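Me: I have a model open and want to go through a few spots on it. Can you take my questions as they come?

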Amino acid sequence: MLGPALARYLAKRNIHYGWAVAAVTFLVMLSTAGAMGSAGVLIKPLETEFGWSNAQISLALAIRLCLFGLLGPFAASFMNHFGVRQVVSAALVLIIAGIAASFYMTELWHLVAIWGVVLGVGTGMTALVLGATVATRWFDRRRGLVVGLMTASNATGQLVFLPLLASLTETIGWRSALTLIIVILMAALTLVLLLMQDRPGDLGLAPFGSKQMVPTAAKAKSFGALLMAPIRALSDAAKTNTFWVLFATFFVCGFSTNGLIQTHWVSICGDVGIAAVAAASLLALIGVFDLIGTVGSGWLSDRYDNRWLLFWFYGLRGLSLMFLPFSGFNIYTLSIFAIFYGLDWVATVPPTVKLSAERFGPERAGLVFGWVFTGHQLGAASATFLAGASRTSLETYAPALIAAGMLCIVAALLVLTIGRRQPEALVPQPA
């Protein structure tokens, strides 16, 4: 493992090793997000090859999103106990195996088992909780900026690969297109094995921006206690208004982003005669502006009231979604939507992570945010299934788009109910 040697090399140049860990995490989340986002180009090919309906395929993808979210708090607990490097490595191996196995599926239950369960578990271990864990462990200063970068990698990775995957799917088939994702995941796995470190204390370092070493939390004495750590964190956090507001608003965040637009965008555009590659290119444009917007959100979250940031992010996203069904879907209005909506794609994440850390403390921020992120993915799963059902029964996505926009307006108002209070510290628990 090259980590300690690289840490010494960087220290001589006054560079904290946390930035190297952040870079590796960025690439891991980018590659696994590509695996998540690739589902968006599979709906049409699977309908054509196997005769499965949009609703049936959407159900399998909804299961994946549910598990993706439900595994979040347990992933944080596993990382605390086994180490980030071990958990992420195992997750990457599982994702690679799942994608490879999907090349041979022939029945609908194969799709549910592989793309629903296997990939749901694997990607759930490398979700936004990974970025939040790395940011809170390795950074005392610039934490909001780092969370913004991690979030951007997760969201942008799900978007920027789509044009290439859509093109490959049309020319050489969806199986060959997914082979590219496997190669990228294997490269990420190599970097994790060589460079990833669990905590700054393992290298004799304090977090970036701090002079005080952070002691390693006590590990659970049994596997049962390990599994109970997230449950205890949920039990404590659920007693606060802040948790439920963050959970509910993040449900809306998932409903209005990767559950609806990311999963169904190619099909939405296909309904108005836009080719898959062109639709995926527009989604990639959203990803480019998402990178700008989310990093900017991280910068803002270090400086301004995160409640008001969330108010504006949710409100503006809601307006853009309600505008889309009436846009005419021409190149000009879609470009405006891609830029406006892209800047706000997941700009909500850095302020949400910051509020979680401020109200519940850095040691348990990963576990609490894991449960908040569960709300995000439950929202995403709901949108994935309901939008697919709407398209199958009503032959239009318009009701789902308008409903998502209205929910965003509700979330914008709801977040203002979080008052200015001191951190709601939870009692430290073994992880």
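Me: Which element gives the largest share of the nonpolar patch?
Reply: That is α15, with four residues. Keep in mind that this is a predicted model.

Me: Which residues form the nonpolar patch on the surface?
Reply: Trp308, Trp312, Leu316, Leu319, Phe340, Ile409, Leu413 and Leu416. Together they have about 750 Å² of accessible area.

Me: And which elements give two or more residues to the patch?
Reply: Helix α15, residues 306-323, and helix α19, residues 398-414.

Me: Take leucine 316. Where does it lie?
Reply: Leucine 316 lies in helix α15.

Me: Why does leucine 316 count as partly exposed?
Reply: Because its relative accessibility is 33%, and partly exposed covers values between the 20% limit for buried and the 50% limit for exposed.

Me: Changing topic: histidine 264. Buried or exposed?
Reply: Histidine 264 is buried, because its relative accessible area is 0% and buried means under 20%.

Me: Which helix is histidine 264 in?
Reply: Helix α13, which covers residues 258-270.

Me: What is histidine 264 in contact with, leaving aside neighbours within four places in sequence?
Reply: Ile43, Asn54, Ser58, Gly259, Ala383, Thr384, Ala387, Gly388 and Tyr397.

Me: OK, backbone now. What about the phi of asparagine 14?
Reply: Asparagine 14 is not a glycine, yet its phi is positive, at about 60 degrees.

Me: Where does asparagine 14 lie?
Reply: In the loop that links α1 (3-12) to α2 (18-37). Asparagine 14 is exposed, with 73% relative accessible area.

Me: And the phi of glutamate 395, what is that?
Reply: Positive, about 60 degrees, and glutamate 395 is not a glycine either. Its place is the loop between α18 (362-394) and α19.

Me: Why does glutamate 395 count as exposed?
Reply: Because its relative accessible area is 63%, and exposed means over 50%.

Me: Last one, leucine 193. Which helix?
Reply: Leucine 193 lies in helix α10, residues 174-195. At 38% relative accessibility, leucine 193 is partly exposed.

Me: How many residues apart along the chain are leucine 193 and valine 88, and what separates their C-alpha atoms?
Reply: Leucine 193 and valine 88 are 105 residues apart along the chain, and 9.4 Å separates their C-alpha atoms.

Methods. Residues are numbered from 1 along each chain as its sequence is written. This is a predicted model: local features need pLDDT of at least 70, side-chain atom pairs count only at pLDDT 80 or more; totals for chains, interfaces and linings use all residues. Side-chain values use heavy atoms; hydrogens and water are left out. Buried means under 20% relative accessible area, exposed over 50%, partly exposed in between (1.4 Å probe, protein chains only). Contact means heavy atoms within 4.5 Å. Patches are made of residues with over 30% relative accessible area and no salt bridge: like charges are joined within 9 Å, nonpolar side chains (Val, Leu, Ile, Met, Phe, Trp, Tyr) within 5 Å. Accessible areas come from the Shrake-Rupley method with a 1.4 Å probe; for residues, only the protein chains shown count as cover. A salt bridge is a side-chain nitrogen of Lys or Arg within 4 Å of a carboxyl oxygen of Asp or Glu.
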